[in-house]
Amino acid sequence: MRVKRRSLLPFAAAVLLVAGQTPATAADIYAGAEDHYAGSQIAEVEGVDAVPGVLYATDDQQLGHDVSGHQGPVDWPGAARTGAKFVYVKATEGTGFVNPQFAQQYNGSYDAGLIRGAYHFARPDISDGASQARYFLAHGGGWSPDGRTLPGALDAEYNPYGETCYGKDAAGMVRWISDFSETYRAATGRYPTIYTSTSWWKRCTANTGGFGGNPLWIARYNTFIGELPAGWSTHTIWQFADRGSLPGDQNWFNGTADRLRALALG
């Protein structure tokens, strides 16, 4: 029997070669990952409309932004002078990519006095949610109750590599997000923030209402937020523009400076 199995291997290899089904390399799996950031695919799929006028240092809205390797090294003292109060920094994607600018961006923002957090670009097509949460935690995505660190965020948006919902049906996507969220909570005591758009959430989770305990970071590039995904009666952060006075995407935290600090403290 062992001889027969060995005799089939050349034939199997030839079939794969003819069909062009050679295994994807790590480089293929993460091609372009440095340019995938919170909202990169939402802007591409849903478009960018009018941008709200930015109000600095208002009592009920705190200005912030999000960055990734796409921005390169950031001038953090300059961002603070421009009015940034907080930032989310891309840390990881899948289970094989780390933002090469992460240390400069994450530590530099902290040194400049911003409240900072890290986010993970979800790749449900590569591995399970628990594995990706652990990878995120091992590469900068943790949380500490220092009043300056936001809970980690999960960036759930359109697939830049292929099928919109990463080949998952709604039930499978809900399980994947839940596995990520619960693994992160077990390790840190905090539910991760969920970044998404209402349109993607409806399409890929069937508009599940099961994540209302997670802070919501909603993406909509317009003068109004519009409908929120099911399960949330309000948002925590609104990503309102894909460019502006701060490096990267522009965000408002929905609350006072004290509430922003409270989110960091847990």
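Q: Why is Thr 198 called buried?
A: Buried means under 20% relative accessible area, exposed over 50% and partly exposed in between, using a 1.4 Å probe and protein chains only. Thr 198 has 11% relative accessibility, so Thr 198 counts as buried. A word on the source: this is a predicted model, where local features need pLDDT of at least 70, side-chain atom pairs count only at pLDDT 80 or more, and totals for chains, interfaces and linings use all residues. Residues are numbered from 1 along each chain as its sequence is written, and side-chain values use heavy atoms, with hydrogens and water left out.

Q: What does Thr 198 touch, not counting residues up to four places away in sequence?
A: Contact means heavy atoms within 4.5 Å. By that rule, Thr 198 touches Ile 218, Glu 227, Leu 228 and Pro 229.

Q: Which helix holds Thr 198?
A: Helices are DSSP runs of H or I with at least four residues, strands are runs of E with at least two, and both are numbered from the N terminus. Thr 198 belongs to α8, which covers residues 198-205. The chain comes to 9 helices and 9 strands.

Q: Which residues of helix α5 are buried, and what do they pack against?
A: In α5 (residues 102-111), the buried ones are Phe 102, Gln 105, Tyr 106, Gly 108 and Ser 109. The buried residues of α5 pack against β1 (61-67), α4 (76-82), β2 (86-93) and β4 (115-121). After α5 comes Gly 113, with a positive phi near 95°.

Q: How many of the residues in the chain are buried?
A: Buried residues make up 50% of the 266 residues.
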